[in-house]
Amino acid sequence: MQVTTIAMLTTNEPGVLARIAHLFCRRGGNLLSVCAEKARIFDQYCITVAVACDDRTLEQIRKQLTKLVDVEEVTVVSQKPYVERQVVLVKVQVRPGLRSEITEEGKLFGAQVADMGASTITFEITSDETRVDAFLKALEPYGVLEVVRSGKIALYKGDELCFKKEFAESASA
Amino acid sequence: MKTVPGAKAGGKARPKRSAPAPAAAGPGSNGRMAAAEARVPANKDPARHEGKEMSGAEMVIRALEAEGTEFVFGYPGGAIMPVYDSILDADTMRHILVRHEQGASHMADGLARATGEVGVCMATSGPGATNLITGIATSYMDSSPVVAITGQVPSHLIGTDAFQEADVFGLSLPITKHSYLVRRTEDIPRVIKEAFYIAKTGRPGPVMVDIPKDVQQRKGAFHMPREVRLPGYSVPGKADPKDVEAIVNALQVSSRPVLYVGGGANASGAGDVIRRLILRTGIPITTTLLGLGAFPRYHEKSLGMLGMHGAMYTNRAMDEADLIIAAGARFDDRVTGKVDQFARKAKIVHIDADSAEHSKIIRADYTAHGDLRLVLEQVLDCLEDRKMKKDYSAWWASIEEWKKDRPLPYVKKESRGEPGNISPRYIIEELGRLAGEDAIVTTDVGQHQMWAAQYYPVTKPRSFITSGGLGTMGFGLPAAIGIKFKFRDRPVLCISGDGSIQMNIQELTTAVTHKLGIVVAIFDNQALGMVRQWQELFHGKRFSSVDLQDNPDFVKLAEAYGAAGRDVADPEDVSESIEEALGRDVPTLLRFRIRNDENVFPIIPAGRGMADAIGDKDECK
């Protein structure tokens with residue numbers, strides 16, 4: 001089963017996320033990641049999900065999502081070259097004398113220090129899944145205490161837009 | 001709380017209109033209607049309410065009226081009481097009090113299917129709403145345009161497990177086309193307008209509108225938008241001409257085509273186009289259970305219903321076809337049986353208003369997305385342009401041969417040739433013959449439903465109304481009632497079983513109160529016949545919980561409700577009893593005693609292919 005990233009432009013009616021989550025639950029397809037936030041235009045939301053399913057289920061889910069009245073546009077982003085990001089916060093244990101070594105490790109991966117505790121460092125890294133996994137692996141020997149990952153977000157590479165309608169409407173407004 | 005009945009009535013004199021007033025001025029009409037007419041200004045244009053300050057409850061009524069609602073089927077309760085108060089001031093709309101909310105949802109559904117207009121039902125929060133759910137799910141599975149309005153506990157109590165609180169929005173998700181929880185009073189007219197639009201356009205379906213009590217009580221300015229604005233919703237029209245060309249190309253090279261028509265044909269009003277297409281091309285047509293009526297059942301080009309209980313020759317034709325044109329049908333498992341054995345030799349064309357149905361079950365070779373009536377017109381135009389004419393006589397010769405070899409079980413008056421036993425197939429034929437082409441028939445679910453589907457001589461679209469997708473026992477009687485309100489001068493029959501009828505028999509009261517002369521034909525085999533049949537055929541005759549010998553006396557029961565009842569045990573009395581019932585203007589319950597061991601044949605066991613079909617040799621020959 002492949003992992004597919006789908007981006008949706010929706011209204012901000014209450015319950016949109018429930019409708020979408022329910023649809024995945026009902027039609028098959030395992031939701032791996034969800035990110036819902038305001039879109040560029042007031043009154044719209046962009047909901048990005050990563051789902052594991054076969055091609056046939058994916059096609060059915062795509063069509064069923066399109067049918068939801070509150071969903072304005074559905075784009076299967078991972079069908080073309082795309083940029084994908086997630087934000088991760090990770091709290092690492094700092095044993096005496098290792099603080100600068102751990103900080104250096106973070107720099108190597110492009111992570112920011114979000115917070116320092118008496119015996120911990122909290123890193124923030126924004127990257128794709130592969131790089132995040134590599135960073136976490138690198139931190140493992142020091143003692144990773146907690147990890148929180150956000151849902152993934154994605155856009156097409158190059159000039160192509162994910163949502164054609166959104167652009168058309170903002171242009172005419 | 002001013003929602004107690006009568007507490008508010010002192011304010012202004014209000015004629016008592018809660019009692020039923022006949023819909024149309026006719027023999028049944030009386031002075032009450034005339035009084036109501038006089039009270040309401042001649043100008044009933046709902047637009048005159050535009051901009052007025054009113055309660056949310058009144059907005060519900062005004063918006064429903066603006067949408068042309070004639071009947072609302074419902075049942076009051078705490079959280080919907082403000083709306084029930086406003087119903088007393090309705091101008092053009094009537095509320096029909098049912099005896100169980102499930103009945104209301106089936107009445108709205110029946111009316112919607114028979115007319116194509118939106119059916120409306122109403123209930124209170126909690127149990128009222130959950131009782132509607134079975135009916136809403138029934139509408140959803142069969143794509144019927146219904147708007148269900150439910151009261152909800154006041155906004156500040158939502159989420160507190162308040163008295164009679166149920167999460168109607170959550171419950172609605174898997175069984176509606178769309179649903180609303182209205183949060184602002186001013187939104188009510190817009191939401192109702194959108195609900196109607198969504199319910200009836202495209203592939204129709206039910207929409208639920210949940211309105212908290214405080215939203216009903218609060219006042220605001222009534223503003224009914226002229227147009228709906230739903231960026232995430234589009235209504236299919238004509239199909240892409242390229243797709244139409246491809247379909248006609250496929251037809252051009254086919255020598256063994258079958259047109260396979262589903263409920264979409266009735267929903268889109270494609271009956272006359274289908275007729276023209278069949279007469280123009282001469283290809284055979286089969287319909288699903290929901291497609292019955294889209295084309296006359298006993299027309300020479302009709303192969304009747306296909307699938308699990310379709311005739312052997314019909315399924316054989318599907319099996320041998322080289323092209324299947326699916327029109328407004330969704331390849332339900334009761335049609336296909338084992339999917340990889342279904343129509344293996346055929347290319348598949350799939351025309352549907354819902355593109356999510358394309359290749360959902362069977363990979364389609366050609367698809368067309370659009371309103372079925374418009375797409376078939378495009379196909380016809382394209383055929384005309386090409387002056388296409390094909391000879392299918394060899395194909396028809398094969399079909400005729402299969403038909404001669406394995407027809408549907410032959411109809412005899414007496415069951416299994418034994419005197420004194422009425423054949424259920426004979427009752428169906430007599431009902432059809434005596435009620436005439438104009439009749440609308442509803443069914444419940446089970447053996448009687450399949451006999452009706454196999455034999456009832458339905459000729460007109462929207463006149464065979466049955467719960468197909470969900471298979472809801474208890475659908476038939478309330479559906480017939482909903483239909484009869486609209487079609488007072490057409491015969492309305494409900495074909496039911498001794499199991500199904502008891503699932504909503506309380507609605508006999510509604511039928512009696514409103515003097516609805518419907519005919520309820522109960523096929524009484526003192527068993528849950530279809531389950532009994534499966535246990536006989538597939539469970540080694542281990543009969544489990546199917547015995548209904550403890551049925552009530554249906555005739556006495558009918559009489560207790562104020563309806564007429566008659567016990568029919570002799571084949572010789574069948575015709576006369578039906579004629580008598582059709583002549584009445586009160587509901588009649590006919591109890592036909594049939595053999596306990598009658599089965600529906602042929603039958604393809606669930607999940608199997610047509611090669612495994614079981615027929616009854618005695619009946620076939």
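Predicted model: local features only at pLDDT ≥ 70, side-chain atom pairs only at ≥ 80, totals over all residues.
Residues are numbered from 1 along each chain as its sequence is written, and chains are lettered from A, with ligands numbered from 1, in the order in which they are written. Local features need pLDDT of at least 70 and side-chain atom pairs count only at pLDDT 80 or more, while totals for chains, interfaces and linings use all residues; side-chain values use heavy atoms, with hydrogens and water left out.

One runs to K67(A), at 2.5 Å from N to O, and another to R203(B), at 2.9 Å. R203(B) sits in the loop between α7 (188-200) and β7 (207-212), and D354(B) in the loop between β13 (347-352) and β14 (366-369), 151 residues apart. Helices (H or I, at least four residues) and strands (E, at least two) are DSSP runs, numbered from the N terminus. D354(B) counts as buried because its relative accessibility is 4%, whereas R203(B), at 22%, is partly exposed (buried is under 20% relative accessible area, exposed over 50%, partly exposed in between; 1.4 Å probe, protein chains only).

As for the interface itself, 24 residues of chain B are in contact with 20 residues of chain A, contact meaning heavy atoms within 4.5 Å. The two chains bury about 1700 Å² between them, 50% of it on carbon and sulfur atoms; this is the accessible area (1.4 Å probe) that two parts lose on being put together, summed over both. On the chain B side, L173(B), P231(B) and G232(B) lose the most area to chain A, together 27% of what that side buries.

Within chain B, helix α12 (residues 312-320) is mostly covered, with eight of its nine residues buried. Those buried residues pack against β9 (257-261), β10 (285-287), β11 (302-305), β12 (323-327) and α15 (393-405). Among them is E320(B), which meets K345(B) in a salt bridge (2.9 Å, N to O). K345(B) lies in the loop between α13 (333-336) and β13, 25 residues from E320(B). K345(B) is partly exposed at 47% relative accessibility, and E320(B) is buried at 18%.

Conventions. Salt bridge = Lys/Arg side-chain N within 4 Å of Asp/Glu carboxyl O.
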